[in-house]
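User: I am new to this structure and would like a guided look at it. Could you take me through the main points?

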Amino acid sequence: MSDQFSPHAPHKADEQKRGPESEDPEKDVRLTRKEAELAKKEAELARKEAHLFHKEAELARGKAEAAKEEAEAASTEKEKKQEQVQELEEKIEAAESRLKETGEAEEAEKVKAEKEKEEREEREAEEEKPDRKKSREEIRAEEQAKAKKAVEEAEREKRQARAEAQKAKENARKNAGAEEARQAEAHRERNRKKARAEARSAHKEAGKYEKMSPDQALADLSSDSENGLSDKEANKRIEEYGPNTIEEGHENPIRKFFSFFWGPIPWMIEIAAILAAAVQHWQDFGVIFIMLLINGLVSFWHDRKSSNAIEALKETLSPEAQVIRGRRKKTISAKELVPGDIVILGMGDVVPADAMLLEDQHIMVDESSLTGESLPIEKSDGDIAFSGTTVKQLEGKALVTATGRDTKFARTVELVEAAEQVSHFQKAVMRIGYFLIGLTLILVTAIVVVTLWVRGDPWEEVLLFALVVTIAGIPQAMPAVLSVSMAVGANRLAGMKAIVSRLAAMDEMAGLEVLCADKTGTLTQNRLELQEPVIFAAEDAEDLIRAAALTVKADSQDPIDVAVMCGLQSYNGRKSLDEYNVVDFRPFDPTRKRAEADVKKKGEEFSVAKGAPQVILELVEGDEDLRNRVSQKVDELGEQGYRALGVARTGTDGNWRYLGILPLLDPPREDAAEVIRNAQEHGIDIRMVTGDHVAIGRQVAGLVGMGQDIREAAEIFEEEGDTQIEKEVLGADGFAQVTPEHKFNIIKNFQKGGHIIGMTGDGVNDVPALKQADVGIAVEGATDAARSASDLVLTEPGLGVITRAVEEARRIFGRMISYATFRIAESLRLVLFMSISVLAFNFYPVTPIMVVLLAILNDIPIMLIAWDNVKTPKHPVRWDMKRVITVASVLGIFGVASSFLLYWYVRQQMGLPDESIKTIMFLKLLVAGHMTIFLTRNTGWLWERPWPNLWMFLALEGTQILGTLFAVFGWLIPAIDWKYALGVWGYALVSLLILNGVNVLTYKLTGWRGKTAA
C-alpha cells in the first residue's frame, strides 16, 4: 500500500506542522490507541481481502474444473470453454482491481475522517501539561510497531492470496488447454454415444406416437405445424439425436486380410514354415510360404467380392427432403432431419424418416419394401409414414417422430447386423483341420521324445524330420481346391441366370431342406388381375367393368386401375370408351375411399363410382336384402383371398345403383406349380411367407399345390416358450402378415430345428431373413439391399432356376466330399508311415524335398476334380464327418500297411540301399496316392458310372508319370532303375483293386452304401 494512503502519514505531516508534541499524555494515549485500533481494523481489512482472494482462487479452481468437465463433454464446446476460461481470467483480474480500488477508497475515506478527528483532539491536547510527553511517545511507538506488524502480515497474506489466484488462473488455462487436447477426442466420442443412447432410449418409445394425436405429438416434440423448428433448434437436436443416417463400423481391410491366416490349416502351414526357417531349409520355407500366401489371398479376394447389405440399405434412404424451418419451406439433405421437423411428402418421394401425418393430411404409401403388401396403404392424420417407403399418391405434411437408427426402417438394419451364420462348409473344413492338427501334434511329440531324449539323436535331425511330418500332415491345397470346385459351379450357375455372391453358399444349397418363398413377385406375378365379376344391377360383366373403367385416369399406374383396364381389354371394350365423355373426374380420396366421374353419352348424363364395397353401398339407397347380399359376397371373396372392388352408377332418376363387385387377385406365376412340384421331388419343402392376409396366402397356396395351413405370424410368436414357438413354426405350411422381425425369427427357428434353410425375397423387408438364412436368394427385380444380403441372385423371373442350382450344388458337394476324403486319407498315409518308420525302425523313409514334391504333384492336378463327373443326389446332402473320417481312416491305414509291406520286401528281401529305398517309397506314395482318388469319388466299384472326367484322369496320370521320371532320372532325388519303377506301378495297381473291395465293404458294413447324405 502506498504511503499517501497510509493511516500513519497524516500524523507525521501534522507533527511537522505542530512542531512540539502535545503536553496532554492522556489525550496522547487515547490518540495512540485509536491509531492502534485503526491499524488493527486495517489489518483485519487486509485479512478479509486476503480471505476474499482465497475465495476467488477457490472459485477459479472450481470454474477451472467446470471448464475441464465441459471440455470433456463434447468437442463442440471447446470454443465456449475457452471463452469461459478467458472470462474467468478477466473476472479474477476485475475482482482484484475492484477489491483494490474499493479497499483503497475506503481506507482513504477512513484516513481522512480519522485525520480530521485527530487534528481536533490534538488541538485540544495542546492545552494539556507537557510532563507526560515521554510516556505518550513510548506508548505510541509500541502501538505503531504493533500496527506496522499487523499491516505487514496483512500485506503478506494478500500477496500470498494473489499468488494463489494467479496459480489458479494458470491451472485453469492448463486444464482447459493441454488437458482438453489430451482427452477431448476420447470424451467427444463417449459423450456423443451417450447422447445418442439417451436420445435413442427416449425414441425407443417411437411407438408411443402411434397412440398420440398430431397435436399431442407436436406438443411432445415442441414443434409447430406452420412454422416448424428454427435452424438453431434443429442444430441443437442434431447434436442430440445425431444425423438421420445408418451408421455401422467397417472392418479394417488389413486386419481382415490377416484374419485369413488364423485357423487350423493356416496354423499348420505356419508351424511348418517356422520349422523350415529354424533348420535353414530356405527352399522348403519358400514353397510353404507361397502356399500360405495363396490360400490367404484367395480367401480374402472372395470375401471382398461379397457386398455389404447395410451399405445398400443406407443408399436407399432419400438423399433430400422438403422441410419447413423457421416459417420457410426449404430443401435439405435428408441426413439433417431431426425429430420435430415438419416435412412435406409428395407423390414419388421416398419417406426420409418416420413421420406422423398432421391433421387433414392424406397420402397413399407403398410399404411393400417393408411389409411385402402389394397395394398402397392409406395414411391420414395421426398415421405414421415409415422411413424407406414411397408416396404413391397425393401430398401431405408430416411431423418427423424418429430418425436414423430409431426408425422402423433402421431396425431392419439391426436385424441384418444380428444375422450371423457360420456355414456348414466352414465348420467341416475346421473339423478336418483340427483332426489333422491333433494327429500331427501327437505324432511329432512322440517322435521328438523318442529320438531326442530316448535315443539322443542330434536336435537338427529331429527338428528336420518334425518339419517333414508337419508338411505331410498339412492339407495345404484344401482351401484352394474346394474354392475352385465351388467357383466352377458358380460359373455354371451364372450361365443359368443365377449369380452366386458367396461361394460357401454352394455347399449350403446342396443340403437345402426348407425353402421359405416370398409370395409377392416370387410365387405370384406381383400384379392384380381381374377375376370373374359378381353382377348385381349391371347388364353384363362388360357393362360392370366399363363403368369402373370410366373412373380411371388414362395415364394411371395404380395397380387396381391397371387391372380394371386390362380386364376391359379382355372384353374388347376399350374402344367403347370413346363413346363416353368424362365431364368431371374426382380421383380416389382417402376420406371418401372412392373415385368418381361425371359422364356424358349422346346427351345422357350420369355418374359412376368405384371403391371399397361397403363405401359404394353407402351411396345406394337399397333394401336390406341388397346390403346382405353385398356383405355376404364380400366375406366370401375375402375368405377366398380376393380383394373386392364395388362399382355403382346413377340412373336417369339420379339415384345410385349397385352394379356389382370386381374381384381382384395377384395371380400365381405360370410355372409356380411345376417349380414347387419339382422342388418337392428334390426333397425341398417349400413354405410360403407373405405380408398379405391369411386368406390370400391360402388362396395362392391352393392354386400352386402347396399346403394350406397358413398361419398368422403374430399368433405364432405370441406363444409362450421357445420350444412351443419352434414347434408351431416347423408345423405350419406358411406364414401370413409377417414383419421383417417375423421372417428373421422364422428362419432362426428352422435353424434351431437343425434344418438347412433358404429364403427368397426382393424387398428391404426381406433383408434380415435373407442374411440369416443358410441360402439367401434374391429373385429377379429385387432391390439392391436384397441382392446385397443374398447368396444367390436370380436374374430371370420365377424359381425354376433354384432347382437347377440345387442340382449343381449337390454335384459340387459330391466333388468336395471326394477330395476331403482323399486328402485326409493321404495325410494319414504319409504321417503314420513316416512316424512309425522312425519310432519302430529308426529309419527316415523320405526326405523333406520328397514330401514337398508329393504335396505339389498330389494337390495341383487334383484341382481338376472340380470338373469331375458325379451322380446327382435326389435328396439334400450334408457333411457327415463321422463318415468322411471313417472311410478316410480305412483307406489311409490300408495304405500304410501296403507301404510297410513294400518297405519290408525291398529292405529285407532285396537288400537295397537306403537311398534307393527312399526313392521307391516316394514313388509308391505318389502312384498309389493318386489312384486313391478313383476310390473316393464314389461308393461303388471303379468301373461303375459315372466314369472320371477325361481331363482329370489325364492330369492325374500325367503327374504320376512325371513323378516316375523324377525317380528314374534322379531329378532332385536319388535315381532308381526302370525295373524298380515299373514294379512299384504293378504293386500300386494290385493294391488299388484290393483297396476298392475294402472300400465297398466299409460302406456296406456301416450302412452308408447308396445313401445320399455325406
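Analyst: One term is needed at the outset: a residue is buried if its relative accessible area is under 20%, exposed if over 50%, and partly exposed in between (1.4 Å probe, protein chains only). By that rule Asp561 is buried, with a relative accessible area of 11%.

User: Where is Asp561 found, and what does Asp561 touch?

Analyst: Asp561 is found in helix α19, residues 559-570. Helices (H or I, at least four residues) and strands (E, at least two) are DSSP runs, numbered from the N terminus. Leaving aside residues up to four places away in sequence, Asp561 touches Val552, Ser556 and Lys610; contact means heavy atoms within 4.5 Å.

User: What kind of model is this?

Analyst: This is a predicted model, in which local features need pLDDT of at least 70, side-chain atom pairs count only at pLDDT 80 or more, and totals for chains, interfaces and linings use all residues. Residues are numbered from 1 along each chain as its sequence is written, and side-chain values use heavy atoms, with hydrogens and water left out.

User: How many helices and strands are there in the protein chain?

Analyst: The protein chain has 34 helices and 24 strands. Of its 1014 residues, 52% are buried. Among contacts between residues at least 6 apart in sequence, 74% join residues at least 24 apart.

User: Which residue is 159 residues away in sequence from Asn244 but 5.1 Å away in space?

Analyst: That residue is Thr403, with the distance taken C-alpha to C-alpha. Asn244 lies in the loop between α6 (231-241) and α7 (253-259), and Asn244 is buried, with a relative accessible area of 4%.

User: And Asp692, is that buried or exposed?

Analyst: Asp692 counts as buried, at 2% relative accessibility. Asp692 sits in the loop between β19 (685-689) and α23 (694-704). The C-alpha atoms of Asp692 and Lys519 are separated by 8.7 Å, although the two are 173 residues apart along the chain.

User: Why is α23 described as largely enclosed by the rest of the structure?

Analyst: The reason is that 8 of the 11 residues of α23 are buried. Among them are Val694, Ile696, Val700 and Val704. Just after α23, Gly705 takes a positive phi of about 85 degrees.

User: Let us turn to sheets. What is the order of the 6 strands in the open sheet?

Analyst: The order is β2-β1-β3-β9-β4-β7, with antiparallel pairing; two strands pair if DSSP finds at least two bridges between them. The edge strands are β2 (328-333) and β7 (384-385), each pairing on one side only. Within this sheet, 4 bridges join β4 (residues 354-357) to β9 (residues 396-402), and Met356 stands opposite Leu399 in β9.

User: Which strands form the open sheet of 3 strands?

Analyst: The order there is β6-β5-β8, and the pairing is antiparallel. β6 (377-380) and β8 (390-393) stand at the edges with a single partner strand each, so one side of each is left without a neighbour in the sheet. Strand β5 (residues 362-366) is joined to β6 by 4 bridges, with Glu378 in β6 as the bridge partner of Met364.

User: Which strand runs parallel to β23?

Analyst: Strand β22 (residues 757-761) does, joined to β23 by 4 bridges. Gly758 has Val775 as its bridge partner in β23. In a regular strand the side chains alternate between the two faces of the sheet. In β23 (residues 775-778), Val775 and Ile777 point one way and Gly776 and Ala778 the other way, and all are buried.

User: Finally, at what angle do α30 and α33 pack?

Analyst: Helix α30 (residues 848-862) and helix α33 (residues 950-969) pack at an angle of about 160 degrees, with their axes 9 Å apart. Axes are lines fitted to C-alpha atoms, for helices over the stretch in contact, and angles run from 0 to 180 degrees between N-to-C directions. The two helices are therefore roughly antiparallel to each other, since angles under 35 degrees count as roughly parallel, over 145 as roughly antiparallel, 65 to 115 as roughly perpendicular and the rest as oblique. Their contact involves, among others, Leu853 and Leu857 of α30 and Leu956 and Phe966 of α33.

User: How do α25 and α26 cross?

Analyst: The axes of α25 (residues 722-731) and α26 (residues 740-752) come within 9 Å and cross at roughly 95 degrees. These helices are therefore roughly perpendicular to each other. Residues making the contact include Ile725 and Val729 of α25 and Ile746 and Phe750 of α26.
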